[in-house]
Amino acid sequence: MTRRHPLLASPNEDGAMCNVQIVLALVASAYGYPQHEHHDHHEHHETSTYIPILKYDKQQGEDGSYRTIYQTGNNIVHEESGYLKDASEDHPNGILVQQGAYSYEAPNGDVIQVQYTADENGFRVQSDSLPTPPPVPPAIQEGLKEIYEGIKRREQEAKNNPKYAEDEAKRAQLDYNGQYYNQ
């Protein structure tokens, strides 16, 4: 007796159709099971707190200028205006100038206020809440003073001494060679 492939077998050949059905059921269940679950390493925290937008106004001028104001229910307030400065040789498409301010309530209850300007000179921000550097220690202030005085002395010497450039080139060569020179 010749055996046919189980998929081509008739229903009454050794229960082959029953085997095919079981195999197909297993394949279908495996196909439907997620193979690789995506695990987000950055936890996403959703909040159920509804924060209303209390105020929103945007005005757009035909010249490209705009003004936007919004305020939220959790005490965030933001105002911004902008306009396009005339084009120039350095800036053929013009310069967008933006000015604005925003405030919000910090977790400790303090109200943080920030003002900013963005234009051809970059982004500048002002706020009493920004960190400030510590004062320069007196010893460093004294060292900087000596450096600036030395620079001024050399500038004055360059004006008064016609051979200054030649002397400076000699000093530079000595420095390069790791040698000292007398002042």
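Visitor: What share of the 183 residues in the protein chain is buried?

Guide: Buried residues make up 14% of them. Keep in mind that this is a predicted model. As for the surface, the accessible area of the protein chain is about 16100 Å², and carbon and sulfur atoms account for 53% of that.

Visitor: On to backbone angles. Which residue has a positive phi although it is not a glycine?

Guide: That's asparagine 75, with a phi of about 70 degrees. Look for asparagine 75 in the loop between β2 (66-72) and β3 (77-85).

Visitor: Why does asparagine 75 count as partly exposed?

Guide: Partly exposed is the range between under 20% (buried) and over 50% (exposed). Asparagine 75 has 42% relative accessibility, so it falls in that range.

Visitor: Now the rings. How many aromatic pairs are there?

Guide: Rings pair if their centres lie within 6.5 Å, and planes under 30 degrees apart count as stacked. By that rule there are 3 aromatic pairs. One of them is tyrosine 102 with tyrosine 104, a stacked pair at 6.4 Å centre to centre with 15 degrees between the planes. Ring pairs also link Tyr102, Tyr104, Tyr116 and Phe123 into a cluster.

Visitor: Are tyrosine 102 and tyrosine 104 buried, partly exposed or exposed, and what are the values?

Guide: Tyrosine 102 is partly exposed at 34% relative accessibility, and tyrosine 104 is partly exposed too, at 35%.

Visitor: Last one: which residues form a nonpolar patch on the surface?

Guide: Val136, Ile140, Leu144, Ile147, Tyr148 and Ile151 do, and together they have about 550 Å² of accessible area. Take isoleucine 151 as a case: it sits in helix α2 (residues 138-160). To join a patch, a residue needs over 30% relative accessible area. Isoleucine 151 has 43% relative accessibility, so it counts as partly exposed.

Key. Residues are numbered from 1 along each chain as its sequence is written. This is a predicted model: local features need pLDDT of at least 70, side-chain atom pairs count only at pLDDT 80 or more; totals for chains, interfaces and linings use all residues. Side-chain values use heavy atoms; hydrogens and water are left out. Helices (H or I, at least four residues) and strands (E, at least two) are DSSP runs, numbered from the N terminus. Buried means under 20% relative accessible area, exposed over 50%, partly exposed in between (1.4 Å probe, protein chains only). Rings of Phe, Tyr and Trp (its six-membered ring) pair if their centres lie within 6.5 Å; planes under 30 degrees apart count as stacked, over 60 as edge-to-face and the rest as tilted. Patches are made of residues with over 30% relative accessible area and no salt bridge: like charges are joined within 9 Å, nonpolar side chains (Val, Leu, Ile, Met, Phe, Trp, Tyr) within 5 Å. Accessible areas come from the Shrake-Rupley method with a 1.4 Å probe; for residues, only the protein chains shown count as cover. A salt bridge is a side-chain nitrogen of Lys or Arg within 4 Å of a carboxyl oxygen of Asp or Glu.
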